[in-house]
Amino acid sequence: MLKEEQEKFVFVINHDSDIPKYQQLVNGINNAIAENILQKGDLLPSVNAICKENQLSRDTVFKAYSILKDQKVIDSVPNKGYYVSGETRKVLLVLDTFKAYKEVLYHSFVNNLPDNIITDVQFHHYNVEVFKTIINNSVGKYYKYVVMNFDDKEVSTTLSAISNDKLLLIDWNIHSKKENNYVFQDFGKAFYNALKEAIDLFKKYKSICFVYPDYTNHPKETLESFKKFCIDFNFKNEIITDPKKFDIEKGIAYISISDRILGHFLEQCKEKEFEPGQDVGFLSYNETPMKKFIYKGISVISTDFKEIGTKAAAFITNDEVVQCYVPTSLILRESL
């Protein structure tokens, strides 16, 4: 049975906004459902009423209602009008790039959401203009926002357009505020502690080489922690930033944040007839589903991306403050 039209729900149209008026109507209904102002079965204002109260054309209102019907958010009954047919809520997940370990995060996130939650995914590729466009075009259109941070001074300002209770920052604690909701990994101290667990294995080699390509956006905290580790435990070390200079040598353990370098490492091992874990060592950053199967297994230092996805999903379904770090672990396999 349909309920009476909700007197408490009123459209507010900004005629000076760059957002099309039909989209403002769509956003208004989606937001009202997300905030429980409108619920399943509630009648919506008639087309004529909206036109009269907001100085809109019938085409504009029909377009908005048609979009919502296509999304199965609303439906209509002859001689009764339009009503809320579902409690679908849309969330936005903004990632940097779609790599294998981000796929783990994504699937963990969506698999832990109820069926009435729809996830839109977009990628900023560490481009602040792309990031600004994504966020500015999405404000007001989603129930909640999960955003992967990156190092640009405009990120925080851009995100300020989103209400703090609707925003969750994930992965990297950069340009965040103390009141933000977050699920972060620690790229510094946790990395250092993971290296300490591998000290006995590193002692098999004459030195450690960190391959840190200059094209990477990986936090420099990791590089600084590597330097501190080598000083504290007296390991000879080298840092390579130019991938063209990556030429493996017997007796050296390599650490890399790039899976491209892992590919080059395995190719060179084959060419030079080096046995990973004996002649040379390799420690990779970020676990992926395949690294346990590559060669005889690739050792990794990694946070738990499945856990990040699970905690991000909990932020969507629970109206609670979330502020936590997900542990970083050392996973030892034959490559080291």
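User: What makes the meeting of helix 4 and helix 11 a contact?

Analyst: Contact means heavy atoms within 4.5 Å. In this predicted model, side-chain atom pairs count only at pLDDT 80 or more, local features need pLDDT of at least 70, and totals for chains, interfaces and linings use all residues. Residues are numbered from 1 along each chain as its sequence is written, and side-chain values use heavy atoms, without hydrogens and water. From helix 4, Tyr101, Val104, Leu105, Ser108 and Phe109 take part; from helix 11 come Phe305, Lys306, Ile308, Gly309, Thr310, Ala312, Ala313 and Ile316. By class, this contact has nine nonpolar, three polar and one charged residues. Nonpolar covers Ala, Val, Leu, Ile, Met, Phe, Trp, Tyr, Cys and Pro; charged covers Asp, Glu, Lys and Arg; the others, Gly among them, are polar.

User: At what angle do helix 4 and helix 11 pack, and which hand does the crossing have?

Analyst: The angle is about 35°, and the axes lie 7 Å apart. Axes are lines fitted to C-alpha atoms, for helices over the stretch in contact, and angles run from 0 to 180 degrees between N-to-C directions. The crossing of helix 4 and helix 11 is right-handed.

User: Why are helix 1 and helix 3 called oblique?

Analyst: Helix 1 and helix 3 (residues 58–70) pack at about 45°, with axes 8 Å apart. Under 35 degrees counts as roughly parallel, over 145 as roughly antiparallel, 65 to 115 as roughly perpendicular and the rest as oblique. The pair is therefore oblique. Helix 1 passes helix 3 in a right-handed crossing. Among the residues that meet are Leu25, Val26 and Ile29 in helix 1, and Val61, Ala64 and Leu68 in helix 3.

User: How do you know that helix 7 and helix 9 are oblique or roughly parallel?

Analyst: The axes of helix 7 (residues 189–197) and helix 9 (residues 220–232) cross at roughly 40° and come within 8 Å. The two helices are therefore oblique. Their crossing is right-handed. The contact includes Phe191 and Tyr192 in helix 7, and Phe226 and Phe229 in helix 9. Its residues divide into five nonpolar, two polar and four charged.

User: What makes a space a cavity or a pocket?

Analyst: On a 1 Å grid over the protein atoms alone, a cavity is a set of points where a 1.4 Å probe fits but cannot get out; a pocket is an open set with protein on both sides within 12 Å along at least five of seven lines. A search of the whole structure finds one cavity of 30 Å³ or more. The largest cavity has a volume of about 70 Å³. Lining residues have an atom within 4 Å of a point. Among those of the cavity are Asn30, Asn31 and Ala34. Helix 1 gives the most to this lining, with three residues.

User: Which residues lie nearest the centre of the largest pocket?

Analyst: Lys99, Tyr101, Tyr126, Thr216 and Ile257 do, out of 25 lining residues. About 530 Å³ of space lies in this pocket. Helix 4 gives the most to the lining, with three residues. By class, the lining has 10 nonpolar, nine polar and six charged residues.

Technical notes: Points joined across faces, edges and corners; volume = space filled by probe spheres on them. Helix = DSSP H or I, 4+ residues; strand = E, 2+ residues; numbered from the N terminus. Left-handed = near helix turned anticlockwise from the far one by under 90°.
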